[in-house]
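I looked up each item in turn and recorded what was computed.

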Amino acid sequence: MSLNSKQLLILALLIWAGAAIGANLVATPAKFLVADLTRPVALQVGRMQFLWVGYVEYTLAAVALLTLPAVSPAIRAGVGFAIVILIIQRLGVLPQLSPRTDLIVAGQSIEASQLHIVFIVLEALKVCMLSISAVWVLNVTTSRSEKLAHVYD
């Protein structure tokens, strides 16, 4: 069985949303709840986690981009919005958090920052947009399939 472009897009969007939920919204805060894991070590683990999740997200974003010609402009806009959020997170927010992480790992105290909240809000928006876009593609694909099935009944 081979996947068509819309099926591949649905798969990429849902895997991307799942990776973002699992890694960025569940695993990241969970490691700070482990009593024996110091904050500097948790931050170092988080840095590697974000690096590898970033690779996964960029790959899935590329797959999504390649399939966009097969879908409507509204779906392209939804996926594009998720990709823009990813770029803002990776090129705007995370680089600002990195020096803060370096200072904490080095044992220095730093003032509180709202950057983590910004990242979390962007992450939630991205996951919502990925999920909504996948449902849109699925609805369009299912509606057309059902219409075709009725034609041949």
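**Entry 1. Helix 1 against helix 2**

I looked up the handedness of the crossing of helix 1 and helix 2, and it is left-handed. I use left-handed for a near helix turned anticlockwise from the far one by less than a right angle, and right-handed for clockwise. The model is a predicted one, in which local features need pLDDT of at least 70, side-chain atom pairs count only at pLDDT 80 or more, and totals for chains, interfaces and linings use all residues. Residues are numbered from 1 along each chain as its sequence is written, and side-chain values use heavy atoms, with hydrogens and water left out. Helices (H or I, at least four residues) are DSSP runs, numbered from the N terminus.

Two packed helices are described by the angle between their axes and the distance between the axes. For helix 1 (residues 5-31) and helix 2, I noted an angle of about 165 degrees and axes 9 Å apart. Helix 1 is therefore roughly antiparallel to helix 2. The axes are lines fitted to C-alpha atoms over the stretch in contact, and angles run from 0 to 180 degrees between N-to-C directions. Angles under 35 degrees count as roughly parallel, over 145 as roughly antiparallel, 65 to 115 as roughly perpendicular and the rest as oblique.

I then sorted the residues of the contact of helix 1 with helix 2 and recorded 19 nonpolar, six polar and two charged. In this sorting Ala, Val, Leu, Ile, Met, Phe, Trp, Tyr, Cys and Pro are nonpolar, Asp, Glu, Lys and Arg are charged, and the others, Gly among them, are polar.

The axes of helix 1 and helix 3 (residues 73-105) come within 13 Å and cross at roughly 35 degrees. I recorded this crossing as left-handed. Which residues meet here, between helix 1 and helix 3? On the side of helix 1 they are Leu9, Leu13 and Trp16, and on the side of helix 3 they are Ile75, Val79, Ala82, Ile83 and Leu86. Contact here means heavy atoms within 4.5 Å. I counted eight nonpolar residues in the contact of helix 1 with helix 3, with no polar and no charged ones.

Helix 2 and helix 3 pack at about 160 degrees, with 11 Å between their axes. These two helices are therefore roughly antiparallel to each other. Their crossing is left-handed, and the contact residues divide into 16 nonpolar, four polar and five charged.

**Entry 2. Aromatic pairs**

I searched the whole structure for aromatic pairs and found two. Phe50 and Phe119 form an edge-to-face pair, 5.4 Å centre to centre, with 90 degrees between the planes. Rings of Phe, Tyr and Trp (its six-membered ring) pair if their centres lie within 6.5 Å; planes under 30 degrees apart are stacked, over 60 edge-to-face and the rest tilted. Phe50 lies in helix 2 (residues 39-67) and Phe119 in helix 4 (residues 115-151), so this pair ties together parts that are 69 residues apart in sequence.

Buried means under 20%, exposed over 50% and partly exposed in between (1.4 Å probe, protein chains only).

In the pair of Trp52 and Tyr55, the ring centres are 5.1 Å apart and the planes stand at 90 degrees, so this pair is edge-to-face. Both residues lie in helix 2, three residues apart, about one turn of the helix. Trp52 is exposed at 56%, whereas Tyr55 is partly exposed at 42%.

**Entry 3. Single residues**

I looked up Ser133, which is found in helix 4 and is buried at 0% relative accessibility. Not counting residues up to four places away in sequence, Ser133 touches Leu13, Ile75, Gly78 and Val79.

Lys6 lies in helix 1 and is buried, with a relative accessible area of 18%.

Pro69, in the loop between helix 2 and helix 3, is exposed at 67%.
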